[in-house]
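Welcome! Please take a moment with the sequence and the 3D view below, and then we can walk through them together.

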Amino acid sequence: MYIITKEVYFCYGHRLMNHPGKCRNLHGHSVKASISIRQEQLNAQGMVCDFSDVKACVESFIDDVLDHNFLLHKDDPIIPALIANNEQYLAIDEHPTAEVLSKMIYQYVKQQGFNVDQVVLWETASANACYRED
């Protein structure tokens, strides 16, 4: 099995409204996402795929959906205030954790036709969450 990994960087804000600690407060992250693609055989160029193809795919999703966006659970009571102030946000069905964001990126890249092995989202330099399907 051959595996390549492309890293991308972006920023987002969120809060985890049911968290017992500081994460319940509004805050932001500068993150790294590592997207790994696998293939049993190499293509005619001797590659799993071109790194630039992975980059173009994932960066379009991140730029359009996640980067410099405020990610909230759909039931977060702050949403009406954001709407009233014409602020950008994305309401999602799950709490916007690193685990959930790694799954979102994984599913998007998979829908674009890549054979995704895993997506790892580094929320800090020492903490990451991974999503993969076995």
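Where does UniProt place the feature "binding site"?

## The recorded binding site

The UniProt record, an unreviewed entry, puts that feature at His 14, His 27 and His 29. UniProt positions follow the numbering used here, with feature names shortened, and annotations may be inferred rather than shown by experiment. Although these residues are spread over 16 residues of sequence, they cluster in space, with a largest C-alpha distance of 8.4 Å.

Before going further, a word on the model: it is predicted, so local features need pLDDT of at least 70 and side-chain atom pairs count only at pLDDT 80 or more, while totals for chains, interfaces and linings use all residues. Residues are numbered from 1 along each chain as its sequence is written, and side-chain values use heavy atoms, leaving out hydrogens and water.

(Strands are DSSP runs of E with at least two residues, helices are runs of H or I with at least four, and both are numbered from the N terminus.) His 27 counts as partly exposed at 23% relative accessibility, whereas His 29 is buried at 14%. Here buried means under 20% relative accessible area, exposed over 50%, and partly exposed in between, using a 1.4 Å probe and protein chains only.

Leaving aside neighbours within four places in sequence, His 27 is in contact (heavy atoms within 4.5 Å) with Tyr 12, Gly 13, His 14 and Arg 15. With residues up to four places away again not counted, His 29 touches Phe 10, Cys 11, Tyr 12, His 14 and Glu 123.

## Aromatic pairs

How many aromatic pairs does a search of the whole structure find? There are 3. Rings of Phe, Tyr and Trp (its six-membered ring) pair if their centres lie within 6.5 Å; planes under 30 degrees apart count as stacked, over 60 as edge-to-face and the rest as tilted. One of the pairs, Phe 10 with Tyr 12, is tilted, at 6.1 Å centre to centre and 35° between the planes. Both Phe 10 and Tyr 12 are buried.

Phe 61 and Tyr 108 form a stacked pair, 4.5 Å centre to centre with 15° between the planes. Phe 61 lies in helix 1 (residues 51-66) and Tyr 108 in helix 3 (residues 98-111), so this pair ties together parts that are 47 residues apart in sequence. Phe 61 is buried, with a relative accessible area of 11%.
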